[in-house]
Amino acid sequence: MAKRGGFPGGMPGNMNNLMKQAQRMQRQMEEAQKELEEKEITASAGGGAVEVTVSGKKEVTKIKLSEEVVDPDDIEMLEDLIMAAVNEAFRQLEEVSAESMAKITGGIGGGLGGLPF
(Lines give C-alpha, C1' and ligand atoms only; values in the text may rest on other atoms or scores of the structure.)
Protein backbone atom coordinates (compact mmCIF):
# COMPACT_ATOMS: atom_id res chain seq x y z
CA MET A 1 0.00 0.00 0.00
CA ALA A 2 1.36 3.45 -0.91
CA LYS A 3 2.17 5.98 1.75
CA ARG A 4 0.03 9.08 1.87
CA GLY A 5 1.56 12.54 2.06
CA GLY A 6 5.22 13.43 1.91
CA PHE A 7 7.41 13.71 -1.14
CA PRO A 8 8.31 10.37 -2.73
CA GLY A 9 11.79 9.97 -4.16
CA GLY A 10 13.49 12.85 -2.34
CA MET A 11 11.40 15.67 -3.81
CA PRO A 12 12.54 18.31 -1.26
CA GLY A 13 16.05 18.37 -2.79
CA ASN A 14 14.58 18.85 -6.25
CA MET A 15 12.36 21.60 -4.88
CA ASN A 16 15.43 23.44 -3.57
CA ASN A 17 17.01 23.24 -7.02
CA LEU A 18 13.83 24.56 -8.61
CA MET A 19 13.74 27.47 -6.16
CA LYS A 20 17.39 28.34 -6.87
CA GLN A 21 16.75 28.21 -10.61
CA ALA A 22 13.66 30.39 -10.22
CA GLN A 23 15.61 32.94 -8.17
CA ARG A 24 18.44 32.98 -10.72
CA MET A 25 15.94 33.44 -13.54
CA GLN A 26 14.27 36.28 -11.65
CA ARG A 27 17.63 38.07 -11.19
CA GLN A 28 18.42 37.62 -14.90
CA MET A 29 15.01 38.99 -15.86
CA GLU A 30 15.49 42.04 -13.63
CA GLU A 31 18.91 42.68 -15.20
CA ALA A 32 17.47 42.28 -18.69
CA GLN A 33 14.65 44.70 -17.84
CA LYS A 34 17.18 47.31 -16.66
CA GLU A 35 19.18 46.85 -19.87
CA LEU A 36 16.03 47.18 -21.95
CA GLU A 37 15.05 50.41 -20.18
CA GLU A 38 18.39 51.91 -21.24
CA LYS A 39 17.90 51.04 -24.93
CA GLU A 40 16.55 53.36 -27.57
CA ILE A 41 14.82 52.24 -30.74
CA THR A 42 14.41 54.51 -33.77
CA ALA A 43 11.90 53.81 -36.53
CA SER A 44 10.93 55.81 -39.59
CA ALA A 45 8.02 56.22 -41.97
CA GLY A 46 7.55 57.91 -45.32
CA GLY A 47 10.96 56.90 -46.58
CA GLY A 48 12.66 58.51 -43.59
CA ALA A 49 10.60 61.70 -43.68
CA VAL A 50 9.48 61.00 -40.10
CA GLU A 51 11.74 59.41 -37.48
CA VAL A 52 10.61 58.51 -33.97
CA THR A 53 12.82 57.32 -31.13
CA VAL A 54 11.40 55.50 -28.11
CA SER A 55 13.10 54.40 -24.93
CA GLY A 56 12.93 50.99 -23.32
CA LYS A 57 10.63 52.63 -20.78
CA LYS A 58 8.08 52.96 -23.60
CA GLU A 59 8.40 56.73 -23.85
CA VAL A 60 8.78 58.74 -27.05
CA THR A 61 12.10 60.55 -26.61
CA LYS A 62 12.56 62.17 -30.03
CA ILE A 63 10.62 62.99 -33.19
CA LYS A 64 12.44 64.21 -36.29
CA LEU A 65 10.54 65.57 -39.30
CA SER A 66 11.92 66.40 -42.75
CA GLU A 67 10.91 69.84 -43.99
CA GLU A 68 9.22 68.45 -47.09
CA VAL A 69 6.78 66.40 -45.01
CA VAL A 70 5.44 69.49 -43.22
CA ASP A 71 2.65 70.60 -45.53
CA PRO A 72 -0.01 72.81 -43.90
CA ASP A 73 -2.46 71.66 -46.56
CA ASP A 74 -1.97 67.98 -45.68
CA ILE A 75 -1.75 67.69 -41.90
CA GLU A 76 -3.48 64.30 -42.07
CA MET A 77 -0.58 62.74 -43.97
CA LEU A 78 1.90 64.00 -41.37
CA GLU A 79 -0.26 62.63 -38.55
CA ASP A 80 -0.41 59.23 -40.29
CA LEU A 81 3.37 59.16 -40.80
CA ILE A 82 4.04 60.02 -37.15
CA MET A 83 1.59 57.38 -36.00
CA ALA A 84 3.17 54.77 -38.29
CA ALA A 85 6.69 55.57 -37.07
CA VAL A 86 5.64 55.46 -33.40
CA ASN A 87 3.84 52.15 -33.84
CA GLU A 88 6.83 50.65 -35.66
CA ALA A 89 9.23 51.81 -32.94
CA PHE A 90 7.08 50.22 -30.24
CA ARG A 91 6.76 47.02 -32.31
CA GLN A 92 10.54 46.82 -32.60
CA LEU A 93 10.92 47.49 -28.87
CA GLU A 94 8.50 44.66 -28.11
CA GLU A 95 10.49 42.36 -30.40
CA VAL A 96 13.77 43.24 -28.63
CA SER A 97 12.09 42.65 -25.27
CA ALA A 98 10.70 39.28 -26.32
CA GLU A 99 14.10 38.16 -27.67
CA SER A 100 15.78 39.21 -24.44
CA MET A 101 13.30 37.28 -22.30
CA ALA A 102 13.46 34.20 -24.56
CA LYS A 103 17.20 33.99 -23.92
CA ILE A 104 16.54 33.83 -20.17
CA THR A 105 13.50 31.59 -20.14
CA GLY A 106 14.68 29.28 -22.89
CA GLY A 107 11.65 30.14 -24.98
CA ILE A 108 9.03 29.28 -22.35
CA GLY A 109 8.06 32.96 -21.96
CA GLY A 110 4.98 32.48 -24.14
CA GLY A 111 3.74 29.86 -21.71
CA LEU A 112 3.84 32.17 -18.72
CA GLY A 113 0.34 33.49 -19.17
CA GLY A 114 1.38 36.51 -21.22
CA LEU A 115 3.25 38.25 -18.41
CA PRO A 116 4.42 41.69 -19.58
CA PHE A 117 8.22 41.33 -19.58
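Reply: S2 is mostly covered, with five of its six residues buried; buried means under 20% relative accessible area, exposed over 50% and partly exposed in between, using a 1.4 Å probe and protein chains only. Please keep in mind that this is a predicted model, where local features need pLDDT of at least 70, side-chain atom pairs count only at pLDDT 80 or more, and totals for chains, interfaces and linings use all residues. Residues are numbered from 1 along each chain as its sequence is written, and side-chain values use heavy atoms, leaving out hydrogens and water.

Now to the strand's surroundings. Three strands make an open antiparallel sheet in the order S1-S2-S3, and its edge strands, S1 (40-45) and S3 (60-65), each pair on one side only. Strands here are DSSP runs of E with at least two residues, helices are runs of H or I with at least four, and both are numbered from the N terminus; two strands pair if DSSP finds at least two bridges between them. On average, neighbouring strands of the sheet are turned by 15 degrees against each other, direction ignored. Such angles run from 0 to 180 degrees between N-to-C directions, with axes fitted to C-alpha atoms, for helices over the stretch in contact.

On one side, S1 and S2 pair in the antiparallel sense over six bridges, and Ser44 stands opposite Glu51 in S2. Their hairpin has four residues between the strands, and Gly46 takes a positive phi near 65 degrees there. Val50 stands opposite Leu65 in S3, while Glu51 has Lys64 of S3 as its bridge partner. The hairpin of S2 and S3 has four residues between them, and Lys58 in the turn has a positive phi of about 65 degrees.

Next comes the packing. The largest nonpolar core has 15 residues, and Val50, Val52 and Val54 are among those with the most contacts inside it. Such a core is a set of buried Ala, Val, Leu, Ile, Met, Phe, Trp, Tyr and Cys residues joined through side-chain atoms within 4.5 Å. S1, S2 and H2 each supply at least two residues of this core, and the largest share, six residues, comes from H2.

Finally, Val54 touches residues including Ile41, Val60, Ala89, Phe90 and Leu93, not counting residues up to four places away in sequence; contact means heavy atoms within 4.5 Å.
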